[in-house]
Amino acid sequence: QKWTKFSKSIRNKKHPVVEYTYGYRCVNFVVTIDKKWVFKFPLHGDGLDIAQREQRITDALRKVSPIKIPDMEILDFNGLCVRKYECINGVGFHSLDKKTQNENAEKIAKQIAKFLYVIGQSDPKEIRDLKQIKSDVPSIMHGWNQNDLWDNFIMNPKTFDVIAVIDWEGAGFNDFYDCFTHGTKNNKVKNALLCEYLKLAK
């Protein structure tokens with residue numbers, strides 16, 4: 001496949017560390033280089049529309065987000081639109097054991113609640129055309145959101161500060177009640193998140 005040629009070109013550099021994985025639902029092939037850069041190769045089609053949409057959304061929401069949204073660049077590699085991101089090194093929520101999740105529930109919930117509220121209440125002019133309903137406006141638990149948050153926020157493993165929210169391919173302007181009801185089996189953290197969000201939404 002085309003990504004193998006890309007990998008070989010990277011391997012010509014001095015001792016790179018190359019890791020491979022498949023993205024969610026196997027729509028992308030993901031290559032990580034030296035824990036510094038992440039490249040996503042589309043497995044279906046050239047990936048242009050998806051890449052351009054994600055870039056527009058992240059460029060707009062990065063301006064208001066209280067948590068880092070990694071920079072993204074679109075590369076042309078043999079007719080494929082390859083997405084290049086800064087690699088964010090840290091831990092995901094689901095990599096923590098339940099005891100650690102519970103001990104840091106309040107701190108994590110406050111950060112994520114602020115993120116959900118600020119992003120959800122934003123309405124950047126430059127991406128309004130990407131809404132399914134163009135006249136739609138933000139409201140409580142309704143607006144722009146990442147749409148798969150529990151698997152895609154990265155934390156400092158020592159401080160549990162949320163340092164980035166990644167993977168915006170499925171982002172949209174819609175209800176996000178499920179952030180408070182699904183995504184994790186840890187009810188303590190979900191309840192803490194709901195309480196913190198409602199404080200901001202008053």
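Where is the place of threonine 32? Select threonine 32 and color its element: the residue is in strand S2 (residues 28-33). Keep in mind throughout that this is a predicted model.

**Stop 1: threonine 32**

Is threonine 32 buried or exposed? Its relative accessibility is 15%, and buried means under 20%, so threonine 32 counts as buried. Now show its surroundings. Beyond its neighbours within four places in sequence, threonine 32 is in contact with Val17, Val18, Glu19, Trp37, Val38 and Cys87. Proline 16 and threonine 32 are 16 residues apart in sequence, and their C-alpha atoms are 10.0 Å apart in space.

**Stop 2: the whole chain**

Zoom out. The chain has 6 helices and 10 strands. Its radius of gyration is 18 Å, close to the 17 Å that the globule rule gives for 202 residues, so the chain is as compact as a globular protein of that length. Along the principal axes, the C-alpha atoms fill a box of roughly 55 × 45 × 25 Å. Of the 202 residues, 44% count as buried. Take the contacts between residues at least 6 apart in sequence: 62% of them join residues at least 24 apart.

**Stop 3: helix H2**

Select residues 48-62. This is helix H2, with 15 residues. At 1.5 Å a residue H2 should span 21 Å, and its end C-alpha atoms are 21 Å apart, which agrees. Which residues in H2 are buried? They are Ala51, Glu54, Ile57, Thr58, Ala60 and Leu61. An α-helix has 3.6 residues a turn, so residues three or four places apart point the same way. Next, show what the buried residues of H2 pack against: strand S4 (72-77), strand S5 (80-86), helix H4 (105-121) and strand S7 (142-145).

**Stop 4: an open sheet**

Move to the sheet with the order S6-S8-S9. This open sheet has 3 strands with antiparallel pairing. Its edge strands are strand S6 (91-92) and strand S9 (162-165), each pairing on one side only. Select S6 together with strand S8 (residues 153-155): the two pair in the antiparallel sense over 2 bridges. Which residue in S8 does valine 91 stand opposite? The answer is methionine 155.

Stay on methionine 155. Leaving aside its neighbours within four places in sequence, methionine 155 is in contact with Gly90, Val91, Gly92, Phe93, Leu96, Ile108, Phe160, Asp161, Val162 and Ile163.

**Stop 5**

Show side chains. In soluble globular proteins, nonpolar side chains tend to be buried together. Here the largest nonpolar core has 36 residues, of which Ile112, Leu116, Phe153 and Met155 touch the most other members. H2, H4, S8, S9, H5 and H6 are the elements that give two or more residues to this core. H4 gives the largest share, 8 residues.

**Stop 6: asparagine 186**

Finish at asparagine 186. This residue is in the loop between helix H5 (178-181) and helix H6 (187-201). At 3% relative accessibility, asparagine 186 counts as buried. Select lysine 188 as well: its backbone nitrogen lies 3.0 Å from a polar atom of the asparagine 186 side chain. Which residues is asparagine 186 in contact with, leaving aside its neighbours within four places in sequence? Display Lys98, Gln101 and Asn102.

Terms used. Residues numbered from 1 in each chain as written. Predicted model: local features only at pLDDT ≥ 70, side-chain atom pairs only at ≥ 80, totals over all residues. Heavy atoms only, no water. Helix = DSSP H or I, 4+ residues; strand = E, 2+ residues; numbered from the N terminus. Buried < 20%, exposed > 50% of the residue type's maximum accessible area, 1.4 Å probe, protein only. Polar contact = N/O pair within 3.5 Å; in protein donor to acceptor, adjacent residues only side chain to side chain. Contact = heavy atoms within 4.5 Å. Pairing = 2+ DSSP bridges. Expected span 1.5 Å × (residues − 1). Core = buried A, V, L, I, M, F, W, Y, C linked by side-chain atoms within 4.5 Å. Rg over C-alpha atoms; globule rule 2.2 N^0.38 Å.
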